[in-house]
Amino acid sequence: MIDTARQLDAHYDALAREGGDRLLTRLQAAFRAAGHDPDRLSLDTIAGIDQLHLGGRQASRALARHGAFVPGQRVLDVGCGTGGASRLLAAEHGVTVVGVDITAAFVAVADWLSRATGLAAHTRFLCADAARVPLPVASVDVVWCQHALINMPDLPAVLGEWRRLLGPGGRVLLHEVVAGDNPAPLALPVPWARRAATSHLACRASLTGTLAEAGFRAVHLEDVTESALAWRRKHGRRAAPPLPGPSLIFGDDFAAMGRNLHDNLADDRVRILAGVWERD
Ligand SMILES: C[S@@+](CC[C@H](N)C(=O)[O-])C[C@H]1O[C@@H](n2cnc3c(N)ncnc32)[C@H](O)[C@@H]1O
């Protein structure tokens, strides 16, 4: 676990590790430089740095439509990154969200962004391993997870934790990158890994099989690769936005990550799935 945490930290907080300012400081300075008070931000203003998955808020909203959320439900956002989906669900569905992430720099940013957007009362963030979440048995109604299993080498351990945290009938909403049918090696770097050893892509059959073995019944499953690819193409062409974007997190590598992600999707080396499962 310490090795995994260190590798992820080296990936997601690479610029600070190379001697730069810490991520929180860099992002706050970037908003100031763009003319925004870093203590008072809107969800639109921060969308470039809090949606670290293909499709941005549009993809999260599409998945949330399958969630049948009820205000007041307790959601766990697994591998929450800087907390964009946690805030979106709290703001648009009235749920309360605990986000958990192993990368301390992201948890610090998630806390700040929730305070700055007025959502701190509805979202809270924990720095922990998804396989050992410090919450009691049956304490969440919905597990939400976007593009995070790809960083987790022990899928059964993580799903076992979901089972512990959800009561019977609890739901899992998942938006994940899986291996495609093309066995060629991934073009690297990609946003979740700079090296093959830190990318843990399951194929569709093994992901759905492991979910079934862990006691989760598929309620809805779709392959959203085409819409993810169209979104990636559109974003690849866009001029650098005036607001802080993912390059502030990933550094100069982000341009290559975006191109490689596009090529991996287009060549069927990776696919994108979105679905809902129910715990037995
Ligand atoms: C590609 S990012 C996605 C972040 C977020 N879900 C989003 O879509 O914006 C993957 C996230 O998973 C987190 N992560 C990876 N392994 C983890 C683990 N074992 N426990 C908790 N978080 C983990 C990483 O730190 C990173 O923030």
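Student: Which elements do the buried residues of α11 pack against?

Tutor: Packing is judged by contact, where two residues count if their C-beta atoms, placed from the backbone, lie within 7 Å, and on that basis the buried residues of α11 pack against α9 (225–237), α10 (247–250) and β7 (270–279). The helices (H or I, at least four residues) and strands (E, at least two) are DSSP runs, numbered from the N terminus. Bear in mind that this is a predicted model, in which local features need pLDDT of at least 70 and side-chain atom pairs count only at pLDDT 80 or more, while totals for chains, interfaces and linings use all residues. Residues are numbered from 1 along each chain as its sequence is written.

Student: Which residues of α11 are the buried ones?

Tutor: A residue is buried if 20 or more other C-beta atoms, placed from the backbone, lie within 10 Å of its own, exposed if 12 or fewer, and partly exposed in between. In α11 the buried residues are M257, L261, N264 and L265. These residues cover an arc of only 95° around the axis, taken from the directions from the helix axis to the C-beta atoms, which puts them on the same side of α11.

Student: Why would residues that are separated in sequence point the same way?

Tutor: An α-helix has 3.6 residues a turn, so residues three or four places apart point the same way.

Student: What span should α11 have, and how far apart are its end C-alpha atoms?

Tutor: The expected span is 1.5 Å times one less than the number of residues; for the 14 residues of α11 (residues 253–266) this gives 20 Å, and the end C-alpha atoms are 20 Å apart, which agrees. After α11 comes D268, whose phi is positive, near 60°.

Student: Where else is phi positive in a residue other than glycine?

Tutor: One case is A68, with phi near 45°, in the loop between α4 (56–64) and β1 (74–78); A68 is exposed, with 12 other C-beta atoms within 10 Å. Another is A138, whose phi is about 50°, in the loop between β3 (123–127) and β4 (140–146), and with 13 C-beta neighbours inside 10 Å it counts as partly exposed.

Student: Which peptide bond is cis?

Tutor: The bond from L188 to P189 is cis, with omega near 5°, and P189 lies in the loop between β5 (166–179) and α8 (204–213).

Student: How many residues surround the ligand?

Tutor: Counting residues whose C-beta atom, placed from the backbone, lies within 6 Å of the molecule, 24 residues surround the ligand, the closest being L52, G79, G81, T103 and N151.
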